[in-house]
Amino acid sequence: MCGFPWIVLLVVGSVAAAEVHVSPTGDDGNSGTADRPLRTFAAAQQAARKMKAQMVLFHAGTYYLSETVVITPEDSGTTYAAAPGGLI
C-alpha cells in the first residue's frame with residue numbers, strides 16, 4: 001500500500017444562474033438586471049447570448065414582436081420564461 005497522502009479539497013459556494021430580465025417598461029439600453037430590465041425580446045436574446053445566460057425572464061405585460069423570433073444552436077441552454085407571478 002502506498003503511503004501517499006490524499007488531500008481532498010471541497011469548495012462549496014452559491015453561484016447564481018445568469019439571468020436576463022425583460023419588461024415592457026424596460027429599456028434596451030439597460031443592463032438586463034431585475035432592477036434595470038431590457039424592453040425587447042431581440043435585445044434580451046442578444047444579451048443572453050453574450051453573457052451565456054441560463055434564463056431570460058419576461059415580467060408581466062404585453063410584448064410585441066417586430067420580427068420573427070429565430071432560435072439557433074447559439075441559444076442552446078437558455079430558457080425563456082415568464083417571471084414568477086408574471087402574466088405575459
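Colleague: What makes E1 and strand E2 (residues 55-58) count as a pair?

Modeller: The two are joined by 4 bridges and run parallel. Two strands pair if DSSP finds at least two bridges between them, so E1 and E2 qualify. One of the bridges has Val 22 with Phe 58 of E2 as its partner. Please keep in mind that this is a predicted model: local features need pLDDT of at least 70 and side-chain atom pairs count only at pLDDT 80 or more, while totals for chains, interfaces and linings use all residues. Residues are numbered from 1 along each chain as its sequence is written, and side-chain values use heavy atoms, leaving out hydrogens and water.

Colleague: What are the edge strands of the sheet, and what makes them edges?

Modeller: The sheet is open, with 3 strands in the order E1-E2-E3 and parallel pairing. Strands E1 (19-22) and E3 (79-82) are the edges, since each pairs on one side only. On average, neighbouring strands are turned by 20° against each other, ignoring direction. Helix H1 (residues 41-51) packs on this sheet and touches E1, E2 and E3, with its direction at about 170° to that of E1. Axes here are lines fitted to C-alpha atoms, for helices over the stretch in contact, and angles between N-to-C directions run from 0 to 180 degrees.

Colleague: How do you know what counts as a helix or a strand?

Modeller: Both are DSSP runs numbered from the N terminus: a helix is H or I over at least four residues, a strand is E over at least two. On that basis the protein chain has 1 helix and 3 strands, in the pattern β-α-β-β along the sequence. Just after H1, Lys 52 takes a positive phi of about 55°.

Colleague: Why is the aromatic pair of Phe 41 and Phe 58 given its particular label?

Modeller: Rings of Phe, Tyr and Trp (its six-membered ring) pair if their centres lie within 6.5 Å; planes under 30 degrees apart are stacked, over 60 edge-to-face, and the rest tilted. The structure holds 3 such pairs. For Phe 41 and Phe 58 the centres are 5.8 Å apart with 10° between the planes, so the pair is stacked. Phe 41 sits in helix H1 and Phe 58 in strand E2, and the pair links parts of the chain 17 residues apart.

Colleague: And what kind of pair do Phe 58 and Tyr 63 make?

Modeller: Their ring centres are 5.3 Å apart and their planes stand at 85°, so this pair is edge-to-face. Phe 41, Phe 58, Tyr 63 and Tyr 80 form one aromatic cluster.

Colleague: Are Phe 58, Tyr 63 and Lys 50 buried, partly exposed or exposed, and how do you know?

Modeller: Buried means under 20% relative accessible area, exposed means over 50%, and partly exposed lies in between (1.4 Å probe, protein chains only). Phe 58 has 7%, so Phe 58 is buried. Tyr 63 is at 22% and therefore partly exposed. Lys 50, which lies in helix H1, has 77% and is therefore exposed. Of the 88 residues of the chain, 27% count as buried.

Colleague: What makes a set of residues a nonpolar core, and which residues form the largest one?

Modeller: A nonpolar core is a set of buried Ala, Val, Leu, Ile, Met, Phe, Trp, Tyr and Cys residues joined through side-chain atoms within 4.5 Å. The largest has 11 residues, including Val 20, Val 22, Leu 38, Val 56 and Phe 58. E1, H1 and E2 each supply at least two of its residues, and H1 gives the most, with 5. In soluble globular proteins, nonpolar side chains tend to be buried together.

Colleague: Which residues does His 59 touch, and what counts as touching?

Modeller: Contact means heavy atoms within 4.5 Å. Leaving aside residues up to four places away in sequence, His 59 touches His 21, Val 22, Ser 23, Pro 24, Ala 83 and Ile 88. His 59 is in the loop between E2 and E3, and its relative accessibility of 26% makes His 59 partly exposed. His 59 and Val 22 are 37 residues apart in sequence, yet their C-alpha atoms are 6.0 Å apart.
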